[in-house]
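Please open the model in your viewer and keep a selection tool at hand; the stops below are meant to be visited in order.

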Amino acid sequence: MMDYQEVLLIKYGEVALRKGNRHIYENMLMDAIRKNLADSGVAYKLYKEQGRIILRSEDTGLARHIPRISCIFGITSVCSGIKLANDKNMDNVKAACIAYTKEHIGDLATFKVTTKRADKAWPGRSDEISADIGGFILESLPSLKVDVKNPDFNLMVEIRNDIYIYSQTAEVEGLGGLPPGSAGKGVLLLSGGIDSPVAGFLAAKRGVDITAVYFHAPPYTSERAKDKVVDIAKQLSHFTGRLKLYIVNFTHIQLHLADNTPPEKITILLKRSMLKITDKVAERENALALITGDAVGQVASQTLHSLKAMAHTTDLPIIRPLACFDKKDIVDIAKKIGTFEISIRPFDDCCTLFLPKHPETKPKLSIIQNIERDVPNLLEMYEKAIEEAEIIKF
């Protein structure tokens, strides 16, 4: 195997449909790969190869770096393989195939060969090439049997500018979606709960570049509650490629609203204040949308009446990826992306500490707006909170 160079083959899905601007999306994927490998210690070269991104290295054991790449949105799968020069020499291909098979098939009993021939100058059809290679493997390893429907070992041969050999059986599935940042920027209302990190993850999967805003309320919320959200943001950044977190001190605004508004309406007024502040952050960040973890009917601020009352706080679209999700579905995703165990740490966020016993579930927008108009200095407090916000970049 030392005659052949080890590579990682990185495949993408929707990006391939982008036609004239596909190269832009491919470059975004390559930038995200470089970021995730920045501290890996591996020396490598990254390049495009007719519908694939190839990572080539003189180092061995490249498979250990696959988890750093498969978590990037836009990538559908990653697998390790070998590369050899495309010199139109079938004997060289057969030799490489049998060497790769001997090293990787282990105790598996059945196999098939699948050929993809992007280089149309190569003689023979793809199925003919597969049959030729498969026959050679059977002669060399007579204990194996061919199974074209459900093989234990699927040997892939891709004939492109170079030739790549790998086992489809060993491919690591990626997350799919679109590359980080390819759809523009959105600002996520990030709490310490389970839902909002999942909402951020799903928005990022569609190419949204995530900036997050967390509303901190010391001394009613502890530094450990803040640390929890920082840890969530850091975990999310593994998928988003990068992430900027605004930590906004919300204490004075919460107390001000509590002193100047009816208790049963405080829930919707607090959420509207958060959205208005987030809208101002979006303006600073040139963002195109706000993102929330709202799920219809889950709590008082997420009834349809409440969502309608909140929709008028911004001219930007409010993306609610979880709007029709069951809680179990949300928890399942949170566990998959590694935010669940962080979110369930027992430190309350600012919302839960100011909830009334009987929050209003069917607020009327006109009444809420009139109450807000009568609260003194509210807009000035929003501006001050943003000016004094702590910003952390991941």
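Select Leu-138 to begin: with a relative accessible area of 31%, this residue is partly exposed, a class that lies between buried (under 20% relative accessible area) and exposed (over 50%), judged with a 1.4 Å probe and protein chains only. Leu-138 belongs to helix H4 (residues 126–140), where helices (H or I, at least four residues) and strands (E, at least two) are DSSP runs numbered from the N terminus.

The model is predicted, so local features need pLDDT of at least 70 and side-chain atom pairs count only at pLDDT 80 or more, whereas totals for chains, interfaces and linings use all residues. Residues are numbered from 1 along each chain as its sequence is written, and side-chain values use heavy atoms, with hydrogens and water left out.

Next, select strand E7 (residues 153–159), where seven of the seven residues are buried, so the strand is largely enclosed by the rest of the structure. Phe-153, Leu-155, Val-157 and Ile-159 point one way from E7, while Asn-154, Met-156 and Glu-158 point the other way. Strand E5 (residues 110–117) pairs with E7 in the parallel sense over seven bridges, and Val-113 stands opposite Leu-155; two strands pair if DSSP finds at least two bridges between them. Strand E8 (residues 162–167) pairs with E7 in the antiparallel sense over five bridges, with Tyr-164 opposite Glu-158, and a hairpin of two residues joins E7 to E8.

Now move to helix H5, in which 10 of the 11 residues are buried, among them Phe-201 and Leu-202. These buried residues pack against E10, E11, helix H6 (223–240), E13, helix H10 (327–337) and helix H11 (340–343), contact meaning heavy atoms within 4.5 Å.

Finally, select Val-299, in the loop between E13 and helix H9 (304–311), which is partly exposed at 41% relative accessibility.
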